[in-house]
Amino acid sequence: MANDYIVKDIALADYGRKELDIAETEMPGLMALREEYGESKPLKGSRIVGSLHMTIQTAVLIETLVALGADVRWASCNVFSTQNHAAAAIAASGVPVFAIKGQSLVEHWDYLDKSFMFEEGPNLILDDGGDATLYILLGARVEQGEDELIAIPKSEEEEAIFAQIKKRMAASPGWFTKMRTQIVGVSEETTTGVHRLYDLKKQGQLPFPAINVNDSVTKSKFDNKYGCKESLVDGIRRATDTMMAGKVAVVMGYGDVGKGSAASLRGAGARVKVTEVDPICALQAAMDGFEVVLLEDVVADADIFITTTGNKDVVRIEHMREMKDMAIVGNIGHFDNEIQVAALKNHKWTNIKEQVDMIEMPSGSRLILLSEGRLLNLGNATGHPSFVMSASFTNQVLAQIELWTRGDHYENDVYILPKHLDEKVARLHLAKIGVKLTELNPEQAAYIGVTPEGPFKPEHYRY
Ligand code: NAI
């Protein structure tokens, strides 16, 4: 189909291509897979719907999937995270993509719907945060009369998805149920999407196998941590140009993203405090040298507030009322409900620039809100650097190959890639940064109960 895409400006394709060429030099894992599988094309016959931030790094992922034989259609999983030049380059290469930075929620679901429109329908989902999976599964439940939710949308977000489901049901009766049967599997990128998958499994509603890419060690212990270590401060700086050194920053949550975020702010010279609900993570934060506090106790004095929890209602309206004038508030977790942005809607908003708003509280004090509470490293900056995304996306490609070529070996459950593949992903990234790996001799290997080629750790090892 001609012009089977929606992008901001197709003329940005050349610029996108130049950045793509640079990114390839920083993504050794993906390039190695192209070399290993470019000829055998293990993804031949697969039709993959991708719902993941449409960035330059994702463009390299898409082109890797295509090089391995897949047919691909793509949407972004967030309204602010698209890089318009990356989307343009992908559209110009002939891959249908539907993504514009700053698209509305209605467009978000419409574009996701468009990404499913293969002539014969898709057979695989590559998801980030679970929206593509949710769309099909919720749609099928509504179609089968198993879900009444459609009658009572509770938020703007839900209103948008339900409206899109209704539209699709009217246009193509039975479509969602057909899709639910046709999809052979999903690979999921992030913590929040993985939570959704385990929930579906628990409720007996997972209709196909899922691979949890997030919990490959070479994903969550690298992208979530070292990725955020680079991209959090990048986002705050591009949004505000504020002096970070000397400021007091509060990081809510000390999981993988929290650890990277706290390190990011500390690296920029901020005095960082952490809040946690989990005693293990709280102890880790303390022993990493961070003061672990209650938000209530520090909210009036801190300058920067960052949520990293994947939980909801973490920064609430009563907190924001207490903050000092011009406090910066942002979220780096997947969804925008970590900060009660909806409660600010009836306040005075002044837009400073794209994805930066100043909000006046009834007391007269002002807040700077980044990306309307959506993940600020992708909304205000360009997300993680290519190198770390190469590790994440190498896992994604291996997961897609596994689902496509060996999907029938799996139950309708959530799986993690085997450790030898996790180690393979790491190994593919060593040469680029000059890492020399020591080899075990057979006696040493036997002594610690492994083989010299690995895997080097038991399943229960936590890194
Ligand atoms: P995690 O589960 O490792 O960490 C979350 C932490 O928040 C946990 O330690 C938990 O105890 C804590 N927490 C939960 N509720 C809390 C509360 N009310 N107050 C304080 N702490 C609380 O999850 P991870 O991997 O760190 O991911 C966090 C979020 O970031 C998820 O939504 C994930 O999808 C997203 N993510 C975003 C990325 C980005 O580039 N912006 C990259 C990777 C993940």
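**Close-up 1. Lining of the largest cavity in the predicted model.** C77, N78, V79, L105, H108, D131, E157, H334, F335, D336 and R374 line the largest cavity. A cavity is a set of points, on a 1 Å grid over the protein atoms alone, where a 1.4 Å probe fits but cannot get out, and lining residues have an atom within 4 Å of a point. The volume of the largest cavity is about 80 Å³, where a volume is the space filled by probe spheres set on the points, and grid points are joined across faces, edges and corners. The structure holds one cavity of 30 Å³ or more. Four nonpolar, three polar and four charged residues make up the lining of the largest cavity. Here Ala, Val, Leu, Ile, Met, Phe, Trp, Tyr, Cys and Pro count as nonpolar, Asp, Glu, Lys and Arg as charged, and the others, Gly among them, as polar. The model is predicted, so local features need pLDDT of at least 70 and side-chain atom pairs count only at pLDDT 80 or more, while totals for chains, interfaces and linings use all residues. Residues are numbered from 1 along each chain as its sequence is written, and side-chain values use heavy atoms, with hydrogens and water left out.

**Close-up 2. The second largest pocket.** A pocket is an open set of grid points with protein on both sides within 12 Å along at least five of seven lines. The second largest pocket has a volume of about 1,600 Å³. Its lining comprises 48 residues, and S155, E157, E158, R196 and N337 lie nearest its centre. Two or more lining residues come from each of α5 (105–115), α6 (131–143), α7 (156–171) and α9 (191–202). Helices are DSSP runs of H or I with at least four residues, strands are runs of E with at least two, and both are numbered from the N terminus. With seven residues, α9 gives the most to this lining. By residue class, the lining of the second largest pocket holds 17 nonpolar, 15 polar and 16 charged residues.

Close-up 3. Of the 11 residues of α5, eight are buried, and the helix is mostly covered. Buried means under 20% relative accessible area, exposed over 50%, and partly exposed in between, with a 1.4 Å probe and protein chains only. The buried residues of α5 are L105, H108, W109, D110, Y111, L112, D113 and S115. They pack against β1 (47–51), β2 (71–75), β3 (97–98), α6, α7 and α8 (175–182), with contact meaning heavy atoms within 4.5 Å.

Close-up 4. Rings of Phe, Tyr and Trp (its six-membered ring) pair if their centres lie within 6.5 Å; planes under 30 degrees apart count as stacked, over 60 as edge-to-face and the rest as tilted. The count by this rule is 10 aromatic pairs. One of them is the tilted pair of F222 and Y226, 5.6 Å centre to centre with 50 degrees between the planes. Both residues lie in helix α10 (residues 217–240), four residues apart, about one turn of the helix. F222 is partly exposed at 33% relative accessible area, and Y226 is partly exposed at 38%. The ring planes of Y461 and Y463 stand at 85 degrees with centres 4.9 Å apart, so this pair is edge-to-face. Y461 is partly exposed at 38%, as is Y463 at 46%. W109, F116, Y135, W175 and F176 form one aromatic cluster.

**Close-up 5. Arginine charges over phenylalanine rings.** A charge sits over a ring if NZ of Lys or CZ of Arg is within 6 Å of the ring centre and within 35 degrees of the ring normal. The charged end of R73 sits over the ring of F118, 5.9 Å from its centre. R266 lies over the face of F290, at 3.9 Å from the ring centre.

Close-up 6. Q355, in the loop between β12 (348–353) and β13 (356–360), has a positive phi near 65 degrees although the residue is not glycine. Q355 is buried, with a relative accessible area of 10%. S371, in the loop between β14 (366–370) and α15 (376–379), is likewise a non-glycine residue with a positive phi, near 50 degrees. S371 is buried at 0% relative accessible area. G454 and P455 are joined by a cis peptide bond with omega about -10 degrees; P455 is placed in the segment after α18 (442–447).
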